[in-house]
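I opened the model and kept short notes. The entries follow the order in which I looked things up.

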Amino acid sequence: MTKRTARRDSNYIIYAAIHDGRAYIGLTRKGTVTVAKAVKERWRKHISRARHESQDWVIYNYIRDGAWTDWEHEVITVIRGRAEAYAYERELVKQIQPELNDQYL
């Protein structure tokens, strides 16, 4: 079996998830679905991981403390290219310093 080459031309979505005035900045690959569906699916994975994994991340601890519902999701931008998207996400988290992000700070 040959290893698949990583695509550099994919679109990535930078989004904000907001709950009771607290924010989380995230990133997901768009793929072939709509932007809204990609963000919804990524958020569903966050909820699942918070429930079933023991990661000690601020966002997962916040969700485990009862913040399961009533999240708002805002698309910040769509960026072409993986490296560019991750660099932009890192810079945005450093600038905004959202309460629920603990990476890149």
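Where is Asn 101 found? I found Asn 101 in the segment after helix 3; helices (H or I, at least four residues) and strands (E, at least two) are DSSP runs, numbered from the N terminus.

I noted that this is a predicted model, where local features need pLDDT of at least 70 and side-chain atom pairs count only at pLDDT 80 or more, while totals for chains, interfaces and linings use all residues. Residues are numbered from 1 along each chain as its sequence is written, and side-chain values use heavy atoms, with hydrogens and water left out.

Is Asn 101 buried or exposed? I read a relative accessible area of 3%, so Asn 101 is buried (under 20% relative accessible area; exposed is over 50%, partly exposed in between, with a 1.4 Å probe and protein chains only).

I then checked the neighbours of Asn 101. The side chain reaches the backbone nitrogen of Ile 25 at 2.7 Å. Leaving aside residues up to four places away in sequence, Asn 101 touches Ala 23, Tyr 24, Ile 25 and Val 93 (contact means heavy atoms within 4.5 Å).

Next I looked at the whole protein. I listed three helices and three strands, in the order β-β-α-α-β-α from the N terminus on. The C-alpha atoms fill a box of roughly 40 × 35 × 25 Å, taken along the principal axes. Buried residues make up 34% of the 105 residues. Of the contacts with a separation of 6 or more, 57% are between residues 24 or more positions apart.

Conventions: A polar contact is a pair of N or O atoms within 3.5 Å; within protein, one must be able to donate a hydrogen and the other to accept it, and residues adjacent in sequence count only if both atoms are side-chain atoms.
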